[in-house]
Amino acid sequence: MLPLLEGIRVIEVGAVVLGPYAGQILADLGAEVIKVEPLEGDIARHAHPTGPSGGALFVNNNRNKKMLALDLKSADGRAALARLIETADVVFHNMRVDAAERLELSFEAVAAINPRIIHCAAIGFGQRGRYRNRPAFDDIIQAASGIAGLGTVTGGDPRFVPTILADKVAALHAVYGILAALVARGNGREGPIQVEVPMFEALAAFLLNEHLAAATFEADGTVGYPRILSPNRRPFRTADGWIAVLPYTDRQWRAFLTEVGRDDVIAQDWFADSAQRPAHVDTLYALVAETLPARTTDAWIAALEARDVPCSRIAELDDLLTDPHLAEIGFFDVPEHYPEGIARALPQPVVYNGVAPSLDKPPRALGADSRQVLQECGLDEEQIERLIRRGVVREG
């Protein structure tokens with residue numbers, strides 16, 4: 001945990017991945033992140049596989065937070081949350097807009113409680129368009145954004161990218177949106193700030209960054225970045241496995257073609273012209289695919305690294321657990337104070353030199369900090385006990 005956001009209080013009403021992942025990044029940077037969960041807990045707590053500390057999905061997205069278990073469907077629960085909002089800098093949620101309104105977590109409701117609040121809502125679709133009320137999960141957003149359909153361009157079927165892509169991309173947008181708003185407030189901006197992060201728009205922008213292509217300049221221009229969409233841009237088979245090879249610059253292509261004895265390609269007029277070469281990318285990729293089965297993966301890695309041609313063996317998920325580079329940097333190291341049952345922990349991947357970190361705090365039990373958080377926002381012991389007895393608050 002890094003002391004870069006010390007003094008910033010964030011209320012995260014998030015579940016599963018999008019909200020918790022963004023909240024964990026802010027907590028890793030030193031913000032006091034208070035995770036507000038329903039009395040039964042974030043469903044990720046119980047998602048398989050589970051260990052003594054809960055579901056792996058929960059463990060990997062909820063370190064360094066305080067845990068408050070509160071029934072927001074009750075008037076008493078919403079009143080308690082309002083007291084907490086009064087003390088906060090940021091309120092962040094990833095629920096549908098109508099649900100946020102019912103729980104009095106809309107921008108208007110929160111700003112009425114705290115006129116200096118930064119309110120961030122990560123939602124499925126932007127509220128200015130016709131899709132605004134649609135339900136959204138990662139698969140739905142991958143489908144709507146064009147990500148899932150990319151497979152058809154290269155001759156295959158539509159398929160989802162096998163990671164929770166839309167949630168994590170939107171979470172990163174939410175983090176920088178919140179940080180930008182905090183900077184603006186620090187520079188003297190008055191009044192509440194509303195930050196809206198629609199998953200659909202976030203993933204569409206992510207995809208079209210390169211694939212808007214000719215449509216950038218022409219209303220009827222062709223979309224799609226040819227090199228990326230080439231059916232020959234793929235992992236290549238070697239004599240004993242698979243490898244990725246990407247000569248990109250003129251020097252790298254010359255080095256690769258020299259290694260494989262194809263000076264005849266280097267001699268082509270189109271090869272020497274950087275403006276013409278992209279039109280022949282399929283020819284070049286096909287040449288790579290034809291050549292690589294002649295040697296083993298290790299042999300290619302050694303030869304191409306010696307010529308400084310970008311390459312990598314194709315790692316599978318299990319390979320990451322024993323990757324020598326990740327081992328050298330302590331990527332999976334578990335802090336000594338973490339509970340038993342956690343064999344690996346994921347780090348904050350951004351390195352900040354000149355900032356002394358403190359110990360990360362493992363994910364806490366449901367309601368572990370309920371009493372402390374409510375005390376800090378002004379409730380006395382009698383009020384807290386009454387909420388616990390009424391089933392509005394759960395104490396860990």
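Asp76 has 29% relative accessibility, so Asp76 counts as partly exposed. Keep in mind that this is a predicted model. Arg390, at 53% relative accessibility, counts as exposed.

The side chains of these two residues, Asp76 and Arg390, meet in a salt bridge, at 2.7 Å from N to O. Asp76 sits in helix α3 (residues 75-86) and Arg390 in the loop between α19 (381-389) and β12 (393-394), so the pair ties together parts that are 314 residues apart in sequence.

What links Arg185 to Asp89? Their side chains meet in a salt bridge of 2.6 Å, N to O. Arg185 belongs to helix α8, while Asp89 is in the loop between α3 and β6 (90-93), so this pair ties together parts that are 96 residues apart in sequence. Arg185 is buried, with a relative accessible area of 13%, and Asp89 is buried too, at 12%. Elsewhere, salt bridges with shared partners join Arg9, Glu32, Lys66 and Glu376 into one network.

Then there's Arg45, whose side chain meets that of Glu37 in a salt bridge (2.8 Å, N to O). Are these two buried or exposed? Arg45 and Glu37 are both buried.

## Two helices crossing

Now take a look at helix α6 (residues 138-145) and helix α8 (residues 165-186). They pack at an angle of about 85°, and their axes are 7 Å apart.

Which residues of α6 and α8 meet? On the α6 side they are Asp138, Ile141 and Gln142, and on the α8 side Leu165, Ala166 and Asp167. Sorted by class, this contact has 3 nonpolar, 1 polar and 2 charged residues.

## Leu105, tucked inside

Leu105 is in the loop between α4 (97-102) and α5 (107-113). Its relative accessibility is 0%, so Leu105 counts as buried.

Who does Leu105 touch, leaving aside neighbours within four places in sequence? Its contacts include Val13, Leu72, Leu81, Ile85, Val91 and His119. As for Phe92, which is 13 residues away along the chain, its C-alpha atom is 9.1 Å from that of Leu105.

## Helix α11 and its neighbours

Helix α11 (residues 250-259) has these buried residues: Gln252, Trp253, Ala255, Phe256, Leu257 and Glu259. They pack against β10 (242-245), α12 (263-266), α13 (269-272), α14 (281-291) and α15 (297-306). Just after α11 comes Gly261, which takes a positive phi of about 70°.

Key. Residues numbered from 1 in each chain as written. Predicted model: local features only at pLDDT ≥ 70, side-chain atom pairs only at ≥ 80, totals over all residues. Heavy atoms only, no water. Buried < 20%, exposed > 50% of the residue type's maximum accessible area, 1.4 Å probe, protein only. Helix = DSSP H or I, 4+ residues; strand = E, 2+ residues; numbered from the N terminus. Contact = heavy atoms within 4.5 Å. Axes fitted to C-alpha atoms, helices over the stretch in contact; angles between N-to-C directions. Nonpolar A, V, L, I, M, F, W, Y, C, P; charged D, E, K, R; others polar. Salt bridge = Lys/Arg side-chain N within 4 Å of Asp/Glu carboxyl O.
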